[in-house]
Amino acid sequence: MNTTAVRDVGGPCVRKDTPGAARVPRRPGRIRRTALPYLLLLPALLLEILVHALPIVIGIVMSFKELTQFYLRDWSTAPWVALENYKIAIDFDTPVGAALLRSFVTTCLFTVASVGLCWLVGTAAAVYMQETFKGRGVLRALFLVPYALPVYAAVITWAFMFQRDNGLINRVLHDQLGLTDTPSFWLIGDNSFVALLTVSVWKGWPFAFLIVMAGLQNIPKELYEAGALDGAGVWQQIRHITLPSLRPVNQVLVLVLFLWTFNDFNTPFVLFGKSAPEAANLISIHIYQSSFATWNFGTGAAMSALLLVFLLLVTGAYLRLTSRGRKVSDA
């Protein structure tokens, strides 16, 4: 039998059989070092489960119950109605289902407009900030002010600016520029959609600016120099160099903006209050009204569960399409 000699430093020579030699057991210190990262992540994981996963599970259970104000003391005793709440929510021939469908369509239009404008403004500002000029650092800091301000303080300020009689918007548009015949109502009627979109874009484009500006730092300057030597102008460089290079960044940015905007509750709630106008009745506000105005928490929970399923499906389809496009481009 083949043997080999193993000598520890400072110890005697020990012979071990080569084919059937037993492995040296792991030391306890190595095991502790391996488990340490998971132990450090355990408090954050437990907190994540407590803050997000547990309320989701409770909300899904509530969606199968006839939970009204009569069962608020002990919601677990509410009658079990199975899928009845979901049938009410998606029955578009009834007032409840028709109102949910209108708010869903409004939210889709609002999300597409807000995400598109945030990306467009943020990308334009980031590309412009790549040039070196005096005061660039100060201007970058000013661009990030809307993103750094607390949401409630910023939206309340916009609510004062949109006031009809003494707001800054009407003072400029009507009194100074004369663009309107009469002062406009911005927080009621059809103009409420424009007001909500303005606040959303103002609040969200600095995030797009920050992400795109970070992505631009990874584009080699040699590509632009080669493009300039080939006679490519500014717009051609943006189209053929900047945008293709930013594709991975934009894929993540658009997804994050979509989820934030579609689920946005703070902005319309602070801007309009508990009852949003029909033109700006986003689905988050509609679910809130369906739950707390009518005291039908079971139907509101069912609407929230349907919204969760929709967002999961859209996110999964988006990730699948973008990953497929990335594989094709790499090939």
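This report describes the salt bridges in a predicted model of a protein chain.

Side chains of opposite charge can pair when their charged atoms come close. In this model, the count comes to three salt bridges. They are listed below.

| Salt bridge | Closest N to O separation |
|---|---|
| D165 and R164 | 3.1 Å |
| D175 and R171 | 3.1 Å |

R102 is partly exposed, because its relative accessibility is 44%. E278 has a relative accessible area of 52% and therefore counts as exposed, the cut-off being over 50%.

A second salt bridge joins D165 to R164, the closest N and O atoms being 3.1 Å apart. D165 is exposed, because its relative accessibility is 64%. R164, at 28% relative accessibility, counts as partly exposed.

Another salt bridge is formed by D175 and R171, again with the closest N and O atoms 3.1 Å apart. Both residues are in helix 7 (residues 168–176). They are four residues apart there, so about one helical turn separates D175 from R171. R171 has a relative accessible area of 37% and is therefore partly exposed.

Definitions and conventions. Residues are numbered from 1 along each chain as its sequence is written. This is a predicted model: local features need pLDDT of at least 70, side-chain atom pairs count only at pLDDT 80 or more; totals for chains, interfaces and linings use all residues. Side-chain values use heavy atoms; hydrogens and water are left out. A salt bridge is a side-chain nitrogen of Lys or Arg within 4 Å of a carboxyl oxygen of Asp or Glu. Buried means under 20% relative accessible area, exposed over 50%, partly exposed in between (1.4 Å probe, protein chains only). Helices (H or I, at least four residues) and strands (E, at least two) are DSSP runs, numbered from the N terminus.
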